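Subject: Structure handover

Hello,

The structure is placed below, followed by notes on what was found in it. Please read the notes with the structure open.

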Amino acid sequence: MERLAPQPAPLTWRVATLARLQPETSSATTLILDVPEWPGHLAGQHVDVRLTAEDGYQAERSYSIASAPQDAHLALTVERIDDGEVSPYLTDELHPGDQLELRGPIGGYFTWNAADGGPLLLLGGGSGLVPLMAMLRHRAAAKSDAAATVLVSARSWEDVLYRDELATHDDHGVTVRYTLTREQPPGWAGWAGRVNLEMLRELGADPGAPLRVFVCGPTGFVEHVADVLVQLGHDPHRIKTERFGPTGG
Amino acid sequence: MSPLISRGFGGRRRRDVDPARIPPGQYVVDDFPVLSAGPTPTVSLDQWTFSITGAVDEPASWSWEEFLALPSEEIRTDIHCVTKWSKLDTAWKGVSVDVLLEHVDTAAEFVSAFCDGGYTTNLPFADVTDGQAWVAYEFDGEPLEPVHGGPARLLVPHLYFWKSAKWVRGLELLDHDEPGFWETNGYHNRGDPWKEQRYWSD
Amino acid sequence: MEATEQHTDGNAIAGILQEIFVAEFTTLERTCQSCGDRNPAGAHRSYRGAGIVLRCPHCGDVALRLAVLPDEYVFELRGAWSRRSNT
């Protein structure tokens, strides 16, 4: 998979096959997909997934690509929303060998290519970490030396996606910090509560530095974090945002 | 290429409903989806007014307190959104537009609803009179939530719900039709769900 | 600051926009007709009503209205839009 450029239009619906499921947390699962003639993608892009019932009823949702462009399969991490219409189907009903309709890759704005350079400041809330993880995976695969600082916001330690893998990025020019908003494990020495000015200052989110800032997650998280960054002195035009809507899934 | 059927996918629709209650192309939901053309406006009730303006001898206007003092009704009705969901037996409380027009002398044939946030929608005068339309401020026994149009929204349940303008602040009475926000961008001028009048090509 | 966070942004409607314009849309930049601020489409706020609305992230004015009909797309673009010409 050598192409690292966004697919120019037109977008067509493709049939992907589920190769395997990979549980991430008690509510999130990664779908590892085979997509024939996948044109390649940039870290940060997403796909639209479409489900069609036998009577023709359709539902469509967007999911960020979790895999690096260099990976052999396309990976989507889906957070299961309990009363959701699409996510429980994807996490609970699909079996390896099943097919899924998707189109993409989509989105040229919220992307990062190793050639763009860093330093990176990535702020992810809940499943907003997915496209940021694609960026980190791409960074590692491309052997980029761009410094990266990551702030992960999650409800609890059990809800943090890619926990073990994040620990491996920490130490390779990547600093990962966490804030847990609802509950913290015993002896927790990390941050708690919503992202605030002090956290960003401690992360060295200096508005003077030529940072590439990416914020992703539920709309409320993104609006709040962008506000705090602006309070800290960042130019709003230099902050790239991707909002997942009220539930974030 | 016809879409791939997703084995075992049914969607979150209700199937146990009398089909005679569902307009063509609609499906029934139990939740209340939130759809908006823009952000939820914030308005303080001591600055809120509802007005009847336009082709009238004397414009009428009510403050929030005056509005709540008007005779109101409990309305139980089905609502139908052009995005294909329908919700049955919804319960509202509001003031009938007939009450608002009681002392208004007009020969207007059309109305344009105007709202906080700038949204507009147009209706024939005959579609908002004779017990067909209300300005509603309660839903399900509670004050109407801002995301659903509170403090008050227009309620015209016999037409697609984009006509039930959220955050309504008044009705402009007109002698000519003035297509509104969606009517000028692809949607049907009248929007009768039973005739499936969704788009301007229908 | 809004009372609700029901909106998403231009990234969320990138698929339908690419379907219509047959080109990547989120990187197009728009100079607002009301406030003059310049932002990529991906940074604009998007709303779903009967159709789709994209709004300026700075002043909230309408940037795009879009309706998807069975046989046509109906859209209105406001403001001055720009894309790189790659020459």
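Which residues have the most contacts inside the largest nonpolar core? They are A:Leu76, A:Leu122, A:Leu132, A:Val215, A:Val225 and B:Val135, in a core of 126 residues.

Some conventions before the rest. This is a predicted model, in which local features need pLDDT of at least 70 and side-chain atom pairs count only at pLDDT 80 or more, while totals for chains, interfaces and linings use all residues. Residues are numbered from 1 along each chain as its sequence is written, and chains are lettered from A and ligands numbered from 1 in the order in which they are written.

The core
A nonpolar core is a set of buried Ala, Val, Leu, Ile, Met, Phe, Trp, Tyr and Cys residues joined through C-beta atoms within 7 Å. Buried means that 20 or more other C-beta atoms lie within 10 Å of the residue's own; exposed means 12 or fewer, and partly exposed is in between, with C-beta atoms placed from the backbone. Helix α2 (residues 129-141) of chain A supplies the largest share of this core, seven residues. (Helices, H or I of at least four residues, and strands, E of at least two, are DSSP runs numbered from the N terminus.) Leaving aside neighbours within four places in sequence, A:Leu132 is in contact with A:Leu122, A:Gly124, A:Val150, A:Phe214 and A:Cys216. Contact here means C-beta atoms, placed from the backbone, within 7 Å.

Where the chains touch
Between chains A and B, the contact takes 15 residues from chain A and twelve from chain B. On the chain A side, β3(A) gives the most, with three residues. Chain C puts 22 residues in contact with 23 residues of chain A. Of the chain C side, α1(C) provides the largest share, four residues.

The sheet in chain C
Five strands of chain C form an open sheet in the order β1-β4-β5-β6-β7, with antiparallel pairing. Two strands pair if DSSP finds at least two bridges between them. Strands β1 and β7 (73-77) of chain C are at the edges with a single partner strand each, so one side of each has no neighbour in the sheet. Four bridges join β5 (residues 52-55) to β6 (residues 62-68) of chain C; C:Ile52 has C:Leu66 as its bridge partner in β6(C).

A loop in chain B
B:Gly118 sits in the loop between β6 (110-115) and β7 (120-124) of chain B. Is B:Gly118 buried or partly exposed? B:Gly118 is partly exposed, because 14 other C-beta atoms lie within 10 Å. B:Gly118 and B:Phe181 are 63 residues apart in sequence and 8.8 Å apart in space, C-alpha to C-alpha.

Regards

Key
Two residues are in contact if their C-beta atoms, placed from the backbone, lie within 7 Å.
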